[in-house]
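Subject: Structure handover

Hello,

Please find the structure below. My notes on it follow.

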Amino acid sequence: MAEAEGRAHEAKLTEEHNREMLRQRIHGEREKWLAAINTTFSHIEGGLRTLLNDRNKLLMTVGGATALAAGVYTSREGARVTWGYVNRILGQPSLIRESSIARFPLSGVASQAKNKILKYSTAAGTAGFSEKRNGFSNIVLHPSLQRRIEHLAKATENTKTHQAPFRNMLFYGPPGTGKTMVAKEIARKSGLDYAMMTGGDVLPLGAQAVTKIHQIFDWAKKSKKGLLLFIDEADAFLCERNSVYMSEAQRSALNALLFRTGDQSRDIVLVLATNRPGDLDSAVADRIDEIIEFPLPGGEERFKLLKVYLNKYLSDEGNKESGLGSLLKTPQQKITVKDVSEEVIREAAKKTEGFSGREIAKLMASVQAAVYGSPDCILDPQLLREVVDYKVAEHHQRLKLAAEGGQPTHMGN
């Protein structure tokens with residue numbers, strides 16, 4: 001018991017000693033912080049007293065703080081305004097989905113250098129293809145329509161040469177009949193830049209649509225070559241103004257475009273594309289100088305399209321890479337086309353009556369997928385007929401569903 005009492009007394013003394021040491025440490029820390037605070041406030045008090053007693057120093061201090069705040073605000077706002085100005089001058093408007101105009105000057109130089117490198121690297125094997133690219137032979141149209149398109153391209157080129165006002169165009173017809181491709185080819189043949197936008201993108205903008213449309217026309221005037229502005233699904237926001245379904249923002253967007261196209265332009269060729277030309281506002285139709293119908297391809301056009309896409313997706317020429325691309329891409333599995341004669345292709349062309357050019361392209365892409373799914377990777381007449389019959393049945397089913405639901409089968413052009 002004596003030993004236990006001794007140990008308890010010793011522990012008590014130790015605890016009291018530790019408590020006293022902690023109390024002295026806290027007191028020292030408090031005294032140190034109080035001294036630091038008093039010293040800081042003493043300096044602040046002395047500085048303020050000096051400033052208040054010396055008018056010149058007070059004015060310099062207040063002026064310096066004001067100048068610092070003004071500099072920070074001016075730098076921030078100036079950077080924002082400058083960036084907005086640069087973006088307005090060089091940047092592509094948000095409504096433009098695709099354009100041949102470089103977003104920034106150096107990007108155009110890089111693009112030209114890349115094209116020259118690819119041109120020299122593939123010159124030996126692509127002479128025949130380049131010769132075809134000089135005309136409209138890469139687009140399959142009815143002969144009379146193709147002649148008219150070539151005439152329009154030549155007329156647009158001469159108009160640009162003689163600094164005469166450009167003529168606006170309206171392309172109408174079922175989806176997938178080549179309206180967008182023809183617009184690009186006209187721009188390329190006539191030496192113009194091109195820009196693509198969709199009318200359906202205008203409606204969600206609401207009140208901002210007017211500003212965006214003015215931005216497009218301001219940006220288009222900066223093209224040194226002249227610009228072909230292609231508006232797909234134009235009826236989405238250029239419909240009749242008397243329609244009860246037209247919102248105020250949509251009507252304002254229509255009025256903005258009418259304002260910018262009121263006079264004939266030497267800078268912009270306006271090309272509208274629609275599946276429903278009768279829905280366009282009468283004032284929009286008054287801006288149009290050339291109206292061109294794009295019908296579904298006939299039997300001979302479908303035959304040519306099938307051959308074009310067979311060559312693109314399945315033949316050695318279509319799958320062959322040349323130049324730098326062949327070094328970077330993994331070699332594709334070779335497809336063997338066996339006994340697919342012109343008679344077999346004409347049979348497929350006959351079955352695909354009512355198909356658009358886009359549907360024929362998708363058909364041949366499906367044939368390619370079926371060939372890759374086969375064990376021997378061979379395309380023969382039987383496999384081609386099976387895929388064609390399946391896609392024809394799918395086409396008729398889609399038309400049936402559209403007729404029952406009263407909805408269009410496609411969107412876009």
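Glutamate 98 is partly exposed, with a relative accessibility of 32%; here buried means under 20% relative accessible area, exposed over 50%, and partly exposed in between (1.4 Å probe, protein chains only). This is a predicted model, in which local features need pLDDT of at least 70 and side-chain atom pairs count only at pLDDT 80 or more, while totals for chains, interfaces and linings use all residues. Residues are numbered from 1 along each chain as its sequence is written, and side-chain values use heavy atoms, with hydrogens and water left out.

Salt bridges

The side chain of glutamate 98 forms a salt bridge with that of lysine 184, at 2.8 Å from N to O. The two residues belong to distant parts of the chain, 86 residues apart: glutamate 98 is in strand E1 (residues 98-99) and lysine 184 in helix H6 (residues 179-190). Helices (H or I, at least four residues) and strands (E, at least two) are DSSP runs, numbered from the N terminus. Lysine 184 is partly exposed as well, at 25% relative accessible area.

A salt bridge is counted when a side-chain nitrogen of Lys or Arg is within 4 Å of a carboxyl oxygen of Asp or Glu. By this rule there are 22 salt bridges. Two further pairs are described here.

- Glutamate 20 and arginine 23 are bridged at 2.4 Å, N to O. Both are in helix H1 (residues 2-53), 3 residues apart, or about one turn of the helix. Glutamate 20 is partly exposed at 35% relative accessibility, and arginine 23 is partly exposed at 44%.
- Glutamate 394 and lysine 391 are bridged at 2.8 Å, N to O. They are separated by about one helical turn because they lie 3 residues apart in helix H15 (residues 381-405). Glutamate 394 counts as partly exposed at 26%, whereas lysine 391 counts as buried at 15%.

There is also a network of salt bridges linking Glu347, Lys351, Arg385 and Asp389.

Threonine 177

Threonine 177 is in the loop between strand E2 (169-172) and H6. With 9% relative accessibility, threonine 177 counts as buried. Its side chain reaches the backbone oxygen of proline 174 at 2.8 Å and makes a polar contact with the side chain of lysine 179 at 3.2 Å. A polar contact is a pair of N or O atoms within 3.5 Å; within protein, one must be able to donate a hydrogen and the other to accept it, and residues adjacent in sequence count only if both atoms are side-chain atoms. Leaving out residues up to four places away in sequence, threonine 177 touches Leu141, Phe294, Pro295 and Leu296, where contact means heavy atoms within 4.5 Å.

Nonpolar patch

Trp33, Ile37, Phe41, Ile44 and Leu48 make a nonpolar surface patch of about 560 Å². Patches are made of residues with over 30% relative accessible area and no salt bridge; like charges are joined within 9 Å, nonpolar side chains (Val, Leu, Ile, Met, Phe, Trp, Tyr) within 5 Å. Areas come from the Shrake-Rupley method with a 1.4 Å probe, and for residues only the protein chains shown count as cover. Isoleucine 37 is in helix H1 and is partly exposed, at 42% relative accessible area.

Confidence

The chain has a mean pLDDT of 81, and 81% of its residues reach 70 or more; pLDDT is the predictor's confidence in each residue, from 0 to 100.

Regards
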